[in-house]
Amino acid sequence: MCEDPIPTRAGKPPMSRESRPHDPCADDATAQPGCSTAPLERLRFWNGRFLVARDLRHQQDDLIRRLEYHQRFAHGEGILCGYRLRRHPRDECERDWLVVEAGMAYDCCGHTLWMPGARAVRIPRRDGAEEGAPGGGPVAVPGGGAPRDPAAPYAEAEKPRDDGPGHPPGGGHDDEPDDRPGNPGGPGQGKPGHGGPGAPGPNEPERVPDPEWFVVARRVEHPTDPQPALYADDLCEPVRHEHGRVREDVELCVLPADRVSHACWPRWNPVSPEDCSASWEDDCHDPRGDTLPCGQPCACGEHVVLAAVWRDAQGRLRWDTTHRRVLTPPTALTRITGVNWPHGGELPLRRLVDELRGRLVVRFSRRLRPAEGVRRGINPMTFAVSYLGQSGAWEEVLAPEEGDDGEPTPRLSQNGRCAVFTIPRDLLTGRRSIAGAWVRVRLLGDFILDCHGRPVSAAHTGGDVNGRGSGNGVPGGTFESWFYVRNTWKEDNR
């Protein structure tokens with residue numbers, strides 16, 4: 001019932017000199033990939049030059065090598081989009097199969113891993129009883145689409161359902177936008193035999209059971225499009241075919257946990273902050289301003305690890321994506337798209353009091369996650385307002401627990417798209433009024449997470465706050481803005 005419906009290569013015509021790629025699942029994810037370090041070399045043309053196939057291949061290789069070098073050293077490795085995991089839509093398959101959605105990723109060598117469609121991957125059991133998993137070894141799923149039941153479309157299969165007591169809807173994995181760490185049976189809890197029971201403390205990282213398997217992806221190449229060769233080196237061969245194209249594909253594999261190093265996917269190994277006895281290698285001896293070496297080690301080799309997988313006490317598949325490397329394109333980052341004061345300009349005190357009701361509002365392009373105390377999110381530590389006092393020093397506006405409107409400050413709006421800071425009433429109309437003073441607003445984007453868990457790209461560059469938004473193309477950064485409060489009360493009383 002769970003076989004891959006995509007036809008195999010058995011029906012294709014026989015071809016000579018077909019180079020079959022080796023099984024990528026036979027390599028450990030801890031092995032060094034041997035990334036290309038070939039020099040950059042391009043063809044030089046002149047009239048009358050005799051071109052052969054080798055020259056054209058080298059021209060392609062040079063262009064591909066330049067793209068891989070740029071990705072490897074300028075952007076790094078990780079998942080650019082997709083490669084999410086979900087349960088199999090068929091009830092008879094969901095205990096042993098997972099569906100990996102389409103995705104784009106780059107490995108440590110800069111290779112592109114583009115998988116245009118969803119595929120199913122079988123998760124073996126420890127006893128290796130399944131067909132195709134002798135001895136519990138790795139299982140490879142060749143290129144193809146995920147098995148699909150027309151009677152049970154994915155939209156219906158993805159609806160949350162109750163998996164029983166102690167298990168949150170949807171399987172208890174962490175790829176939902178509103179993941180809830182610490183749910184019983186979810187990725188935030190340990191279990192007997194997998195790191196021990198117990199939830200993480202308030203200042204401890206989220207605890208995930210030790211995985212049994214890892215779902216990984218790796219780029220492979222398949223020669224395709226066989227064509228008759230007009231010229232053959234071996235004249236004794238009457239009919240010869242050569243492949244006219246090379247198709248880059250993605251191979252999904254399942255590796256045992258002991259074949260993926262801790263450097264590639266950290267396990268639960270708490271270390272006391274007071275333990276300073278261990279000696280760690282670092283680059284602190286390098287002079288200031290020196291560059292990093294080009295030969296950076298690849299902890300995951302040429303594999304891109306998609307998820308850690310284990311089975312719960314009932315034998316159901318559970319997975320975690322906490323430690324997988326993710327690359328976020330600038331267009332997918334959450335930005336600050338507007339404020340209700342003129343940056344670098346004047347704001348009349350009467351307007352600040354009557355129209356704005358003392359509220360400073362910052363708008364975001366996407367919903368934010370609620371604050372977690374003062375650790376992250378919109379809170380007094382990440383949203384700070386200060387004014388230039390009579391002493392010539394910046395004095396911080398201490399936010400009360402509740403503003404004049406009875407709402408906490410700073411806070412998120414009901415739709416999660418705005419951060420609101422209410423200036424206390426005594427600083428607007430009292431003896432310590434900020435009238436005639438400069439006001440500065442600061443937001444720490446590194447600790448403000450959007451609904452996807454990514455830090456807000458908050459760097460305020462160029463002095464413009466408009467629909468295009470803030471940010472410099474990277475997550476995090478500090479948003480700073482200021483304005484002058486013009487004292488209009490005196491002007492009105494003249």
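The side chains of R376 and E372 meet in a salt bridge with an N to O distance of 2.6 Å, a salt bridge being a side-chain nitrogen of Lys or Arg within 4 Å of a carboxyl oxygen of Asp or Glu. R376 is partly exposed at 26% relative accessibility, and E372 is partly exposed at 36%; here buried means under 20% relative accessible area, exposed over 50%, and partly exposed in between (1.4 Å probe, protein chains only). The model is a predicted one, in which local features need pLDDT of at least 70 and side-chain atom pairs count only at pLDDT 80 or more, while totals for chains, interfaces and linings use all residues. Residues are numbered from 1 along each chain as its sequence is written, and side-chain values use heavy atoms, with hydrogens and water left out.

Across the whole structure, the search finds 20 salt bridges. One of them joins E302 and R218 at 3.3 Å, N to O. Since E302 lies in the loop between β9 (241–256) and β10 (304–311) and R218 in strand β8 (residues 213–228), this pair ties together parts that are 84 residues apart in sequence; helices (H or I, at least four residues) and strands (E, at least two) are DSSP runs, numbered from the N terminus. Both E302 and R218 are buried. A further salt bridge links E346 with R486, whose closest N and O atoms are 3.1 Å apart. E346 belongs to strand β13 (residues 346–348) and R486 to strand β20 (residues 478–486), so parts 140 residues apart in sequence are tied together. E346 is partly exposed at 48% relative accessible area, and R486 is partly exposed at 28%. Salt bridges also link E68, R219, E221 and E248 in a network.

Turning to the cysteines, the structure holds three disulfides, each defined as a pair of cysteine sulfur atoms within 2.5 Å. In the pair C35 and C109, the sulfur atoms are 2.0 Å apart. The torsion about their S-S bond is about -75°, so this disulfide is left-handed. With C35 in the segment before α1 and C109 in the loop between β4 (103–106) and β5 (112–115), the pair ties together parts 74 residues apart in sequence. C35 is buried at 13% relative accessibility, as is C109 at 4%.

C108 and C298 form another disulfide, with 1.9 Å between the sulfur atoms, and this link is left-handed with -75° about the S-S bond. It connects distant parts of the chain, as C108 sits in the loop between β4 and β5 and C298 in the loop between β9 and β10, 190 residues apart. The disulfide of C264 and C300 has its sulfur atoms 1.9 Å apart and is right-handed, with 105° about the S-S bond. Here C264 and C300 both lie in the loop between β9 and β10, 36 residues apart. C264 is buried at 3% relative accessible area, and C300 is buried at 3% relative accessibility.

Finally, an open antiparallel sheet is formed by three strands in the order β2-β3-β6, where two strands pair if DSSP finds at least two bridges between them. Strands β2 (85–87) and β6 (119–122) stand at the edges with a single partner each, so one side of each is left without a neighbour in the sheet. Strand β3 (residues 97–100) pairs with β6 over four bridges in the antiparallel sense, and L98 stands opposite V121 in β6.
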